[in-house]
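Hello,

Here is the structure I promised to pass on. Please have a look, and then read my notes below.

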Amino acid sequence: MPLTTPIPILIVDDEADLRNLLVEALEDQGYAAEGAEGGAQALAKVRTRHFPVIFTDLNMPGGLSGLELLRAIHDEDPRSLGILMTGYATTESAIQALKRGAYDFIQKPFKLAEIEAGLERALEHYRLLRENEEYQQNLERMVEARTQEILGLKNDIERLFEGFVNASVTAIEARDPSTSGHSSRVAELTVGLAEAVNQTPNGPYGELLFTPIQIREIRYASLLHDFGKVGVREQVLVKAKKIEGEHLESIFQRLHQRTLEAMRDRMLDAWSKGQTFDPGQARVLLNQQEEETRRLVDLVRRSNEPTVLPQEVAHELNVLEDLTYQHWSGDRRALMAPGDLDLLKIPKGSLSAQERDEIQSHVTHTYRFLSQIPWTSELAGVPEIAWAHHERLNGRGYPRQLKEPDIPVQSKLMAVSDVYDALTAADRPYKAAVSVERSLEILEQEAKVNLLDSEVLRIFIDAKIFERTLVPARTAP
């Protein structure tokens with residue numbers, strides 16, 4: 001509240017002559033002075049107008065004393081400064097006056113110059129107080145504005161980062177369309193599992209409580225846990241069969257070519273011996289050769305599936321090892337290219353040992369990528385959580401073969417979610433979707449051999465976390 005002229009001043013004294021004298025003197029000095037004969041009249045004026053400085057007598061019979069008036073005025077208008085006037089000045093009364101909120105103390109009889117000097121000191125003090133108040137208010141407004149600016153910037157950064165995370169997930173899925181939606185589903189399951197852990201009152205994780213920022217950390221780690229797949233060759237990522245595409249077709253073509261070569265060789269051999277062409281015999285020979293070719297093609301097809309390869313089929317593949325065909329150059333060459341038989345003899349899945357190592361390297365690629373991001377201290381665990389999601393409690397995971405004590409709890413949660421979604425996913429080209437019931441049985445089997453955390457799995461099942469990603473059944477129209 002700045003000072004504006006004329007400055008209102010209130011004089012409270014039951015002596016009319018002294019009161020009027022002071023009012024006139026202050027009016028001559030340019031102040032808007034008013035008088036009040038007692039406490040009640042003074043309070044009435046204070047309630048209708050602000051007086052920066054109020055002079056009051058200490059002893060006023062028939063009403064409030066000066067000290068009582070100062071206390072009442074302070075309750076009505078804390079900004080007013082009170083100056084106490086009395087003819088019975090003692091050290092004790094001065095102390096009491098200052099304790100009651102008086103700014104100054106003037107002893108009667110006084111000279112007008114003392115009143116003026118006291119008033120000037122009080123107004124200067126009043127001005128400094130108001131300037132300080134204004135400064136504090138401006139500072140508070142500046143702090144509030146800056147706080148809102150920072151909050152707005154923080155929200156912008158969070159939106160930007162969310163966009164980056166979503167773009168990263170899109171990039172992952174563009175590299176491996178067969179796992180589209182996997183990262184988001186794993187994040188949904190893992191966050192739900194973490195929230196369920198928070199609701200678990202007992203057991204190994206009864207005292208564990210994830211904070212909201214830790215839940216966010218888990219979500220980011222889950223969404224980005226497979227980002228390292230951008231560093232894996234696409235043909236390995238989406239490999240559905242052991243041998244694919246034109247390479248497989250070339251094997252079938254060579255087998256077919258062997259049929260033609262065999263017929264050609266037999267016919268040339270017969271003609272060289274003077275035998276005439278026998279259509280019936282040629283048909284029998286062709287049928288025999290084509291049957292052999294079909295058997296070999298079927299053998300290759302069966303062996304090429306990513307399912308478990310029976311031992312007898314693996315042994316039967318040896319027949320392909322010595323087969324040859326005639327190259328266009330005239331040379332005899334092995335029908336199976338180097339490594340083809342090794343691929344067909346893969347006991348389970350579609351990946352060779354080298355390709356499996358390449359796939360598994362995506363975890364390390366993920367860690368290296370995420371480690372380049374300047375995470376806040378609250379989210380600094382994202383790279384480590386994602387790095388360990390393929391580790392297993394018995395040390396048979398990858399890439400570091402960590403054992404149970406060294407695996408972050410968040411990674412143990414993600415491991416259960418990741419395996420569950422991989423089992424139930426219906427979009428994998430190398431396997432059929434596994435039912436929820438069978439998937440949970442497989443998870444339980446892995447927990448029994450100390451691959452997955454049994455307590456985490458118990459919470460996953462008891463809290464029905466798996467239902468969070470179930471696709472609602474369509475109803476008939």
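**Aromatic rings and charges**

Searching the whole structure turns up 10 aromatic pairs, where rings of Phe, Tyr and Trp (its six-membered ring) pair if their centres lie within 6.5 Å. Phe-161, Phe-164, Tyr-220, Phe-227, Phe-369 and Trp-375 are joined into a cluster by ring pairs.

This is a predicted model: local features need pLDDT of at least 70, side-chain atom pairs count only at pLDDT 80 or more, and totals for chains, interfaces and linings use all residues. Residues are numbered from 1 along each chain as its sequence is written, and side-chain values use heavy atoms, with hydrogens and water left out.

Two arginines also sit over rings (CZ of Arg within 6 Å of the ring centre and within 35 degrees of the ring normal). Arg-130 lies over the face of Tyr-126, 4.5 Å from the ring centre, and the charged end of Arg-301 is placed over the ring of Phe-252, at 4.9 Å from its centre.

**The chain as a whole**

The protein chain has 17 helices and seven strands, counted as DSSP runs (H or I, at least four residues, for helices; E, at least two, for strands). Its radius of gyration is 46 Å, well over the 23 Å that the globule rule gives for 477 residues, so the chain is more spread out than a compact globule. That radius is taken over C-alpha atoms, and the rule is 2.2 Å times the number of residues to the power 0.38. Along the principal axes, the C-alpha atoms fill a box of roughly 160 × 50 × 50 Å.

Of the 477 residues, 43% are buried (under 20% relative accessible area, 1.4 Å probe, protein chains only).

Best wishes

Technical notes:
Rings of Phe, Tyr and Trp (its six-membered ring) pair if their centres lie within 6.5 Å; planes under 30 degrees apart count as stacked, over 60 as edge-to-face and the rest as tilted. Buried means under 20% relative accessible area, exposed over 50%, partly exposed in between (1.4 Å probe, protein chains only).
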